[in-house]
Amino acid sequence: MDSRVYDLLNDQINKEMYSSYLYLSFADFYEEAGLKGFANWYEIQAKEEMDHALIFRNYLHENGCNVKLLAIDQPDKEFDNFLAPLEAALEHEKYVTSLIDAIYAAAVEAKDYRTMKFLDWFIAEQQEEEDNAETMVTRMKLFGDDAKALYDLDQENLARVYSTPSPLAGK
């Protein structure tokens with residue numbers, strides 16, 4: 001495997017683990033504010049991000065590469081309203097998309113077709129993640145100031161259930 005592609009893939013494990021920590025901190029914010037549904041949403045997001053780290057880890061192992069686990073930064077965001085974590089999540093998902101795009105670009109440059117194919121799932125996943133994050137922001141802006149509507153949004157988010165991503169299914 002090309003060394004630049006390897007370095008980016010290995011670093012992405014750390015970035016995904018950080019994303020998990022970040023979303024867990026969002027879950028804590030909402031839990032402590034009494035919005036258990038929003039907390040549930042971000043607990044599931046945290047699990048998904050950890051799954052993404054495992055998918056990258058597995059890919060490196062499947063390609064005969066050693067994994068180097070790095071220290072995970074502490075989330076440093078603090079919020080004073082219910083919209084702020086949602087906006088931070090949208091910003092973060094756009095950042096993660098840029099990271100996936102950079103890995104893909106390095107794979108193209110290295111003519112690493114296997115990694116390009118591997119990343120196709122993440123490209124589709126990031127499109128979904130950004131869309132979900134944008135929808136959360138829009139809905140909070142539209143309805144978050146109304147207590148009944150906020151309650152309904154919270155209940156809807158409480159109904160979300162975790163599902164194992166397809167690259168980990170059967171592993």
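Entry 1, single residues. I began with His92, whose place is in helix 3, where helices are DSSP runs of H or I with at least four residues, strands are E runs of at least two, and both are numbered from the N terminus. The model is a predicted one, in which local features need pLDDT of at least 70 and side-chain atom pairs count only at pLDDT 80 or more, while totals for chains, interfaces and linings use all residues. I number residues from 1 along each chain as its sequence is written, and side-chain values use heavy atoms, with hydrogens and water left out.

Is His92 buried or exposed? His92 counts as buried, at 10% relative accessibility; buried means under 20% relative accessible area, exposed means over 50%, and partly exposed is in between, with a 1.4 Å probe and protein chains only. I then looked up a pair, and found that His92 and Asn63 are 29 residues apart along the chain, with their C-alpha atoms separated by 29 Å.

Ile13 lies in helix 1 and counts as buried at 2% relative accessibility. Its C-alpha atom is separated by 6.0 Å from that of Phe56, 43 residues away along the chain.

Arg114, in helix 4, counts as exposed because its relative accessibility is 57%. From Arg114 to Glu78 I read 40 Å, C-alpha to C-alpha, for 36 residues in sequence.

Asn66 is found in the loop between helix 2 and helix 3, and Asn66 is exposed, with a relative accessible area of 59%. Asn66 and Asn10 lie 56 residues apart in sequence, and their C-alpha atoms are 8.8 Å apart in space.

In the loop between helix 3 and helix 4 I looked up Lys111, which counts as exposed at 58% relative accessibility. Lys111 has a phi near 55 degrees, which is a positive value in a residue other than glycine.

At what angle do the axes of helix 1 and helix 2 cross? The axes of helix 1 (residues 3-33) and helix 2 cross at roughly 165 degrees and come within 8 Å; axes here are lines fitted to C-alpha atoms, for helices over the stretch in contact, and angles run from 0 to 180 degrees between N-to-C directions. Helix 1 and helix 2 are therefore roughly antiparallel to each other, given that angles over 145 degrees count as roughly antiparallel, under 35 as roughly parallel, 65 to 115 as roughly perpendicular and the rest as oblique. I noted the crossing of helix 1 and helix 2 as left-handed, meaning that the near helix is turned anticlockwise from the far one by less than a right angle, whereas clockwise would be right-handed. The contact of helix 1 with helix 2 has 18 nonpolar, six polar and six charged residues, where Ala, Val, Leu, Ile, Met, Phe, Trp, Tyr, Cys and Pro count as nonpolar, Asp, Glu, Lys and Arg as charged, and the others, Gly among them, as polar.

Helix 3 (residues 83-109) packs against helix 4 (residues 113-143) at an angle of about 165 degrees, and their axes are 9 Å apart. That makes helix 3 roughly antiparallel to helix 4. Helix 3 passes helix 4 in a left-handed crossing, and the residues of this contact divide into 18 nonpolar, three polar and eight charged.

How many cavities of 30 Å³ or more does a search of the whole structure find? The search finds two. On a 1 Å grid over the protein atoms alone, a cavity is a set of points where a 1.4 Å probe fits but cannot get out, and lining residues have an atom within 4 Å of a point. Grid points are joined across faces, edges and corners, and a volume is the space filled by probe spheres set on the points.

The largest cavity holds about 60 Å³ of space, and its lining includes Tyr23, Trp41, Gln45, Glu93 and Asn132. Helix 2 (36-62), helix 3 and helix 4 each supply at least two of its lining residues, and helix 4 gives the largest share, four residues. By class I recorded six nonpolar, two polar and two charged residues in this lining.

About 50 Å³ of space lies in the second largest cavity, which is lined by Phe38, Leu86, Met136, Arg139, Met140, Leu153, Glu156 and Asn157. Helix 4 and helix 5 (147-158) each supply at least two residues of that lining, which divides into five nonpolar, one polar and two charged.

Terms used. On a 1 Å grid over the protein atoms alone, a cavity is a set of points where a 1.4 Å probe fits but cannot get out, and a pocket is an open set with protein on both sides within 12 Å along at least five of seven lines; lining residues have an atom within 4 Å of a point.
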